[in-house]
Amino acid sequence: MRKEFLVYGAPAINDAEIEEVISVMRSGWLGTGPKVAQFESDFAKYKNIEYAIALNSCTAALHLSILAANIGKGDEVITTPLTFCATINAIIHAGATPVLADIDPRTMNICPKAVETKITSKTKAILLVHFAGRPCNMDALCQIAEKHQLKIIEDCAHAIETEYKGKKAGTFGDFGCFSFYVTKNVVTGEGGMVITKNEDDAARIKVLGLHGMSKDAWKRFGDDGFKHYQVVECGFKYNMMDLQAAIGIHQLERVESNWNKRQLVWKRYNQAFAALPVTLPALIEENTRHGYHLYTILIDEQRCGITRDQFLDAMAVQNIGTGVHYLSIPEHPYYQQTFGWQPEDYPEAMEVGRQTVSLPLSAKLTDEDVDDVINAVFAIISE
Ligand SMILES: Cc1ncc(COP(=O)(O)O)c(C=O)c1O
């Protein structure tokens with residue numbers, strides 16, 4: 001058994017970002033500044049899109065995207081029950097009402113047919129999540145959105161590298177929202193980004209993200225003279241710092257090599273677990289690119305002789321950190337009390353949420369770490 005605990009989702013941090021952070025610390029400009037501007041421009045280039053606005057989280061990115069789409073009180077936004085609570089909370093914070101459409105149990109992504117059954121005269125947007133890094137069925141979802149004149153907001157927290165039929169995740173709809181939280185494929189500690197093709201939307205998000213102060217207010221302490229700013233609406237304190245962007249710039253440089261590393265881990269897990277009575281991630285659909293953010297297996301008590309929660313505990317005993325992505329949204333008391341949702345009303349998400357386990361899938365993993373994860377799973381399941 002492993003001697004040291006393997007932290008789930010620990011990121012691969014190199015000297016380049018460490019030195020960049022030190023240089024920002026020495027520069028005297030720690031807050032939003034030139035490093036953020038560079039990170040935005042690098043990210044826009046990576047996504048081949050006009051505008052990228054860095055924020056302090058994906059939650060902020062989702063919130064501001066909904067506001068910039070002019071969605072609020074009385075409006076409904078359709079989303080998935082198999083997501084992090086931030087997706088739902090962003091809709092609520094914008095003043096709108098979240099409406100859940102169940103997942104396709106194979107892909108674990110929102111089911112377009114289920115979306116169609118949830119559309120009402122109040123529906124204004126589909127907020128989809130490319131779960132685990134697997135792209136949603138964008139042909140079907142874009143068709144539905146077009147037919148009903150709905151906005152599409154993509155929660156790409158898992159999907160920086162994801163593509164569908166040659167097109168990059170986050171560029172299908174009106175807004176693509178990304179997370180650079182510590183466990184994500186590109187990290188800045190905490191951090192987020194919105195991408196959009198629309199200049200007005202980009203400008204609005206920039207203003208909303210810094211108190212509603214007029215564009216470029218962050219430059220007010222620069223070396224080209226004092227600048228007054230004007231508050232043009234009631235915004236939020238959602239800006240990213242140069243300290244964070246300093247990490248992100250170098251993380252983004254390695255986004256593809258890290259993706260390659262995770263793909264190797266993914267393939268090793270697939271091979272190793274093929275004979276076990278666990279459900280592995282579905283095959284990757286043709287003409288798509290998976291972001292390899294989460295490697296999820298399903299632990300069915302009948303087949304594995306152990307419950308999912310017992311498996312999680314047993315992995316911890318083996319010194320391997322794991323994750324659960326996610327208990328379905330209707331399992332949480334707040335949403336039950338507020339919206340009357342029950343897990344059984346979204347049976348596919350409920351089933352996945354009660355059986356799923358995420359195994360470590362970070363670019364930081366060594367071959368030995370991967371061996372340890374595989375050995376631990378075998379020790380538990382074939383006991
Ligand atoms: C699907 C999904 N959406 C949104 C978020 C929120 O991201 P952040 O922590 O950057 O606000 C996460 C983070 O885990 C996520 O996994």
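The legends below describe close-up views of a predicted model.

Local features are given where pLDDT is at least 70 and side-chain atom pairs at pLDDT 80 or more, whereas totals for chains, interfaces and linings use all residues. Residues are numbered from 1 along each chain as its sequence is written, and side-chain values use heavy atoms, with hydrogens and water left out.

Figure 1. The ligand has 15 residues around it, and Thr-59, Asp-155, Ser-179, Lys-184 and Tyr-326 come nearest; a residue is near if one of its heavy atoms lies within 4 Å. Polar contacts are pairs of N or O atoms within 3.5 Å. A polar side-chain atom of Asp-155 is placed 2.7 Å from a ligand nitrogen atom. For Lys-184, a polar side-chain atom lies 2.7 Å from an oxygen atom of the ligand. An N or O atom in the side chain of His-158 is 2.9 Å from a ligand oxygen atom.

**Figure 2. The cis peptide bond at Tyr-326.** The bond from His-325 to Tyr-326 is cis, with omega near 0°. Tyr-326 is located in the loop between α11 (308-317) and α12 (333-339). Helices (H or I, at least four residues) and strands (E, at least two) are DSSP runs, numbered from the N terminus. Most peptide bonds are trans.

**Figure 3. Two loop residues with positive phi.** Asn-70, with phi near 60°, lies in the loop between α3 (58-68) and β2 (76-79). Gln-149, with phi near 55°, belongs to the loop between α6 (138-148) and β5 (151-155). Asn-70 is exposed at 61% relative accessibility, and Gln-149 is exposed at 73%. Relative accessible area under 20% is termed buried, over 50% exposed, and in between partly exposed (1.4 Å probe, protein chains only).

**Figure 4. Cysteines without a disulfide.** The structure holds zero disulfides, a disulfide being a pair of cysteine sulfur atoms within 2.5 Å. The closest cysteine sulfur to that of Cys-58 is in Cys-177, at 5.6 Å, which is too far for a bond. Cys-58 is buried, with a relative accessible area of 7%, whereas Cys-234 is exposed, at 70%.

**Figure 5. The largest pocket.** This pocket holds about 480 Å³ of space. Its lining comprises 30 residues, of which Glu-40, Ala-52, Ile-53, Lys-206 and Asp-216 are the closest to its centre. Two or more lining residues come from each of α2 (34-47), β1 (51-55) and α7 (199-208), and α7 gives the most, with six. On a 1 Å grid over the protein atoms alone, a pocket is an open set of points with protein on both sides within 12 Å along at least five of seven lines, a cavity is a set where a 1.4 Å probe fits but cannot get out, and lining residues have an atom within 4 Å of a point. Grid points are joined across faces, edges and corners, and a volume is the space filled by probe spheres set on the points.

**Figure 6. The second largest pocket.** About 390 Å³ of space lies in this pocket. Among its 23 lining residues, Phe-84, Ala-86, Ser-179, Tyr-181 and Lys-184 lie nearest its centre. The helix α3 gives the most to this lining, with three residues.

**Figure 7. The largest cavity.** The structure holds two cavities of 30 Å³ or more, and the largest has about 180 Å³ of space. Of its 19 lining residues, Thr-183, Lys-184, Leu-361, Ser-362 and Ala-363 lie nearest the centre.

Terms used. A polar contact is a pair of N or O atoms within 3.5 Å; within protein, one must be able to donate a hydrogen and the other to accept it, and residues adjacent in sequence count only if both atoms are side-chain atoms.
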